[in-house]
Amino acid sequence: MSNMETNNEKKSFTLVEVIDDGPLKITGNIVLKDLKRDVTESPKEVYLCRCGRSEKKPYCDCSHKRYV
Amino acid sequence: MEKASNSFSGGRKYRNNDITVYWKPDACVHASYCYRELIEVFDPGRRPWVDMNGAETDRIIEVVNMCPTEALTWKWNDEERNKDISIDQTNHVIFRRPELLGTMEQSIQENPVSVKIMTDGPIVIKGDFTFQYGGNKKEIKEGIISLCRCGTGGHLPFCDGTHRKIGFEDK
């Protein structure tokens, strides 16, 4: 068990980053599923709207900058 | 491991001719997609609460895939069919609970992180990932976080349910 742990010890490949006053940036190995639009994809990098005002939801379109 | 035909370590399982659905109650976060979408199959007020005869297999799979956690997962009874699962089958056990794939070799070494955009609701992220915000960095192992998408929550960046109060509509 401990052997396995040391072998597998590595940083997560996927990074979820909350950008201050900006979108959510996710990079790495993900399956993104949008339930409302019934879209599933595996982007290596994606910026998701956090302000609720994007015209391209769930993606960021920089609408937040108009409201800061 | 299996004590009875309808249980497995960690929960219960339900079968029809095509698939087996696994229920792991500890993992449930009460997102309630299962019974809101398909009460004929998933009825919390009934015992047993899952009736695999309540809908077609395709529809059951569709609703199990909506579950944001591994509380509900599924696999084909025909193990051959479990070897080639497309990534949109998000709650297939190969992505959520590969230990349940009895005879199959674990071919996927690193499970992708699940990112679900909930209908008129938050972003639910599940799996192993690094979470970074406000200068903090945290390694999340088999964790789940729910992040605000309406911009008005009181616990930003996390969801606190405010989207429902303000009638946030994702369009």
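Which backbone oxygen lies 2.4 Å from a polar atom of the side chain of Lys116(B)? Before you click, know that this is a predicted model, where local features need pLDDT of at least 70, side-chain atom pairs count only at pLDDT 80 or more, and totals for chains, interfaces and linings use all residues. Residues are numbered from 1 along each chain as its sequence is written, chains are lettered from A and ligands numbered from 1 in the order in which they are written, and side-chain values use heavy atoms, with hydrogens and water left out.

**Stop one: chain A.** Select chain A and you'll find one helix and five strands (DSSP runs: H or I of at least four residues for helices, E of at least two for strands, numbered from the N terminus). Along the sequence they run α-β-β-β-β-β. Chain A has 68 residues, and 43% of them count as buried (under 20% relative accessible area, 1.4 Å probe, protein chains only).

**Stop two: Lys116(B).** Now hop to chain B and pick strand β5, residues 113–117, which holds Lys116(B). Lys116(B) is buried but has no salt bridge (a side-chain nitrogen of Lys or Arg within 4 Å of a carboxyl oxygen of Asp or Glu). Select Glu70(B) too: this nearest side chain of opposite charge is 10 Å away (Lys and Arg count as positive, Asp and Glu as negative; His and the chain ends are not counted).

**Stop three: the neighbors.** Here's the answer to the opening question: the oxygen belongs to Asn65(B). Leaving out residues up to four places away in sequence, Lys116(B) touches residues including Lys33(A), Thr90(B), Arg96(B) and Val124(B) (heavy atoms within 4.5 Å).

Notes
Buried < 20%, exposed > 50% of the residue type's maximum accessible area, 1.4 Å probe, protein only. Polar contact = N/O pair within 3.5 Å; in protein donor to acceptor, adjacent residues only side chain to side chain.
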